[in-house]
Amino acid sequence: MTLTFEKLTNPPFAEHTHLIANELGECLVIDPGGCAEEVLALMDRAGWQPLAILLTHGHCDHVAGVMPIAEQTGVPIYLHPDDRQILATSAFYWNFIAKEAFFGPSWSDITPIEATALTIGGFNIQVLQTP
C-alpha cells in the first residue's frame, strides 16, 4: 500500500499534526492541535476522505483543533481511556497558555481505544500504549 504523509506544525507549542492518506484517498488525522482550518483545507485540496481522528494523548496541544474537523467531517475521535483525566484538563491549560479559542473534545466525543489493533478503512493500525 502506498501512503502519503503530511505534517503541519501548530503554534503556540510547535506541536505536529500528521495526515496519512492511502492510494484510495482515505485519510487519518493524527493530533490536530489547533490547526483545524489547515487540516480541512489540505484534505480538500488533496481530495482525501477522512476516516478518523487519532489522538496519541490528551494534552491540550494535541487536541485543541479536534472538534471543527470532527463536526465538519463526521469522523470518530479515538483516544485511549487512560487519558480521560488529561483530556479533562486540556481546555484549562490551552486557555491559560495559548490565550485563544480551544476546540478540543470532551470525553463524550471520544471513542475509547481499548484494543491493541484497529482497522479503519484500508488502514491496519497497531496500538501501542506507552507510559
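Contact means heavy atoms within 4.5 Å. With that term in hand, the packing of helix 1 can be described: its buried residues pack against strand 1, strand 2, strand 3, strand 4 and helix 3. Helices (H or I, at least four residues) and strands (E, at least two) are DSSP runs, numbered from the N terminus. Buried means under 20% relative accessible area, exposed over 50%, and partly exposed in between (1.4 Å probe, protein chains only).

The structure is a predicted model, in which local features need pLDDT of at least 70 and side-chain atom pairs count only at pLDDT 80 or more, while totals for chains, interfaces and linings use all residues. Residues are numbered from 1 along each chain as its sequence is written, and side-chain values use heavy atoms, with hydrogens and water left out.

Helix 1 may be examined in detail. Its buried residues are A36, V39, L40, L42 and M43. These residues lie on the same side of helix 1, because they cover an arc of only 160° around the axis; the arc is that of the directions from the helix axis to the C-beta atoms. The face turned away from this buried side carries the exposed residues E37, D44 and R45. For D44, the relative accessibility is 65%, so this residue counts as exposed. D44 and N124 are 80 residues apart in sequence, and their C-alpha atoms are 24 Å apart in space. After helix 1 comes G47, whose phi is positive, near 75°.

Helix 3 can be read in the same way. V66, M67, I69 and A70 are the buried residues of helix 3. They cover an arc of only 165° around the axis, which puts them on the same side of helix 3. On the other side of helix 3, E71 and Q72 are exposed. The buried residues of helix 3 pack against strand 3 (26–30), helix 1, strand 4 (49–54), helix 2 (60–63) and strand 5 (77–79). Helix 3 is followed by G74, whose phi is positive, near 75°.

How do the two helices meet? The axes of helix 1 (residues 36–46) and helix 3 (residues 66–73) come within 8 Å and cross at roughly 40°. Here axes are lines fitted to C-alpha atoms, for helices over the stretch in contact, and angles run from 0 to 180 degrees between N-to-C directions. Helix 1 contributes A36, V39, L40 and M43 to the contact, and helix 3 contributes P68, I69, Q72 and T73. These residues divide into 6 nonpolar, 2 polar and no charged. In this classification, Ala, Val, Leu, Ile, Met, Phe, Trp, Tyr, Cys and Pro count as nonpolar, Asp, Glu, Lys and Arg as charged, and the others, Gly among them, as polar.

Attention now turns to T17, which lies in strand 2 (residues 15–22). T17 has a relative accessible area of 0% and is therefore buried. Its side chain reaches the backbone oxygen of D31 at 2.7 Å and the backbone nitrogen of G33 at 3.3 Å. A polar contact is a pair of N or O atoms within 3.5 Å; within protein, one must be able to donate a hydrogen and the other to accept it, and residues adjacent in sequence count only if both atoms are side-chain atoms. Leaving aside neighbours within four places in sequence, T17 is in contact with residues including E6, V29, C35 and V39.

A polar contact of 2.8 Å joins the side chains of T17 and N10. N10 is found in strand 1 (residues 3–10), and its relative accessibility is 2%, so N10 counts as buried. The side chain of N10 also makes a polar contact with the side chain of E15, at 2.4 Å. Leaving aside its neighbours within four places in sequence, N10 is in contact with E15, H16, T17, G33 and C35.

The cysteines remain to be considered. A disulfide is a covalent bond between the sulfur atoms of two cysteines. It is identified here as a pair of cysteine sulfur atoms within 2.5 Å. How many disulfides does a search of the whole structure find? The search finds 0. C35 is in no disulfide, and the nearest cysteine sulfur, that of C27, is 12 Å away. C35 is buried, because its relative accessible area is 3%. C60 is likewise in no disulfide, and the nearest cysteine sulfur, that of C35, is 14 Å away. With 9% relative accessibility, C60 counts as buried.
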